[in-house]
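Reader: I am new to this. Please take one part of this protein and walk me through it closely.

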Amino acid sequence: MSAQAYDPLADQRSPEAPQFDVFLAGTVFLDIVFTGLPAMPAAGTETWAEGMGSCPGGIANLAIATSRLGLRTSLAAAFGDDDYGDFCWRTLAEQEAVDLSKSRRFEQWHTPVTVSMAVDRDRSMVTHGHAAPMSASEMIGNPPRSRAVIVTLSAEEPLGAPPGTACNWAELAQRDGALIFADVGWDPSGAWSPSLLDQLAVCHAFMPNAVEAMAYTGTDNPRDALYTLADKVPLAVVTDGANGAMAIDSTTGEEAYVPAPRVRALDPTGAGDVFGAGIVLGTLRGWPLADRLAFAGVCAALAVQQFGGSLAAPGWGDIADWWHEVRGAAGHGGAYGDSLARRYAFLDRLVPTVPVGAVRRAAATIARHADLEPPAPAVPTEPEVPAAPRVPAQKE
């Protein structure tokens with residue numbers, strides 16, 4: 001049965017409004033996830049996994065995360081002409097309602113593949129792929145009008161190009177009214193060049209994790225890194241895993257820190273993408289900064305309780321389920337449960353408008369049925385948030 005859509009920006013829609021809420025570009029991988037492995041296989045041996053699933057990964061993690069939160073999402077990516085490319089294209093376009101009008105299929109180009117193996121709450125990955133036949137800016141040309149674009153800072157296609165040189169696609173989108181939300185990847189060279197942050201001059205927001213933020217700013221704690229970044233970009237956000245997230249929004253004069261909900265983290269794959277999707281939605285909706293951080297945090301917390309990147313990205317149905325359980329436990333679940341209910345009370349303004357049967361996590365797998373149920377976790381050592389139920393649902 002198809003799930004009903006929920007549009008969190010419904011009151012902002014008009015004929016003059018941008019066609020899309022979010023526009024993205026990047027590399028789509030076919031992710032194959034094995035779970036329930038007793039141990040990594042030794043050389044020359046074979047190990048059977050208890051569970052397996054497959055789904056689009058890479059930039060698709062972020063596209064699916066934004067789409068499941070009700071943001072109208074468009075993605076530009078290269079797709080191979082192989083069966084893997086067919087599956088990724090079909091899943092994104094048909095199941096996840098991601099627009100692919102700026103994406104292209106390339107003959108004789110192999111879809112990149114990542115195999116992820118989860119063992120004892122950790123994961124190892126093997127990836128194979130080739131560079132896309134065309135750069136993102138060449139593929140996109142003039143990007144469609146959107147409220148926001150999400151980019152990864154890089155030296156290969158930098159933002160803020162000198163006058164007279166080719167302009168990055170994200171800057172073209174910005175000139176047409178889009179806000180640029182930036183992230184940054186791990187630097188395998190270990191250089192962590194501060195000059196990369198010069199690109200923030202054209203960005204609205206920057207959302208690195210604590211390790212990245214400290215490395216690029218040369219600071220020794222996340223809060224000092226946040227203050228340094230707040231001098232460079234209007235909305236600076238630093239995520240710190242289970243410790244939560246902190247942010248400064250100079251456009252509103254707000255500063256906030258919100259701890260992460262306590263959960264059993266099974267797989268962190270895609271958690272940063274889900275968090276970023278929540279920040280984008282909250283910013284476009286004009287929520288207070290603390291509410292934006294809290295909302296993004298619970299989206300990420302719901303994701304890490306499941307295995308598998310985009311498979312784990314929550315929809316509004318999952319968020320509503322979680323909030324109903326938290327609110328129902330308030331008053332008889334201890335001080336932590338009461339604190340959680342107070343912190344997320346703003347969800348009461350949102351969840352009553354979410355339709356019954358709203359979008360939940362969907363099982364996107366070549367085998368048609370995902371088999372990624374996590375093993376029974378160990379007894380926790382501290383109170384935990386009840387996990388939202390896994391409800392495979394196809395999305396309109």
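Author: Four strands make an open sheet, ordered β3-β2-β7-β8, with mixed pairing. Strands here are DSSP runs of E with at least two residues, helices are runs of H or I with at least four, and both are numbered from the N terminus. Two strands pair if DSSP finds at least two bridges between them. The edges are β3 (51–58) and β8 (122–128), and each of these pairs on one side only. Neighbouring strands in this sheet are turned by 20° against each other on average, direction ignored. Axes are lines fitted to C-alpha atoms, for helices over the stretch in contact, and angles run from 0 to 180 degrees between N-to-C directions.

Now look inside the sheet. Strand β2 (residues 28–35) pairs with strand β7 (residues 113–119) in the parallel sense, over five bridges. Take L30: its bridge partner in β7 is V113.

A word on the source. The model is predicted: local features need pLDDT of at least 70, side-chain atom pairs count only at pLDDT 80 or more, and totals for chains, interfaces and linings use all residues. Residues are numbered from 1 along each chain as its sequence is written, and side-chain values use heavy atoms, leaving out hydrogens and water.

Next, strand β4 (residues 73–76), which holds S74. S74 is buried, at 0% relative accessible area. Buried means under 20%, exposed over 50%, partly exposed in between (1.4 Å probe, protein chains only). Leaving aside neighbours within four places in sequence, S74 is in contact with F20, V22, F23, L24, D99, S101 and P144. Contact means heavy atoms within 4.5 Å.
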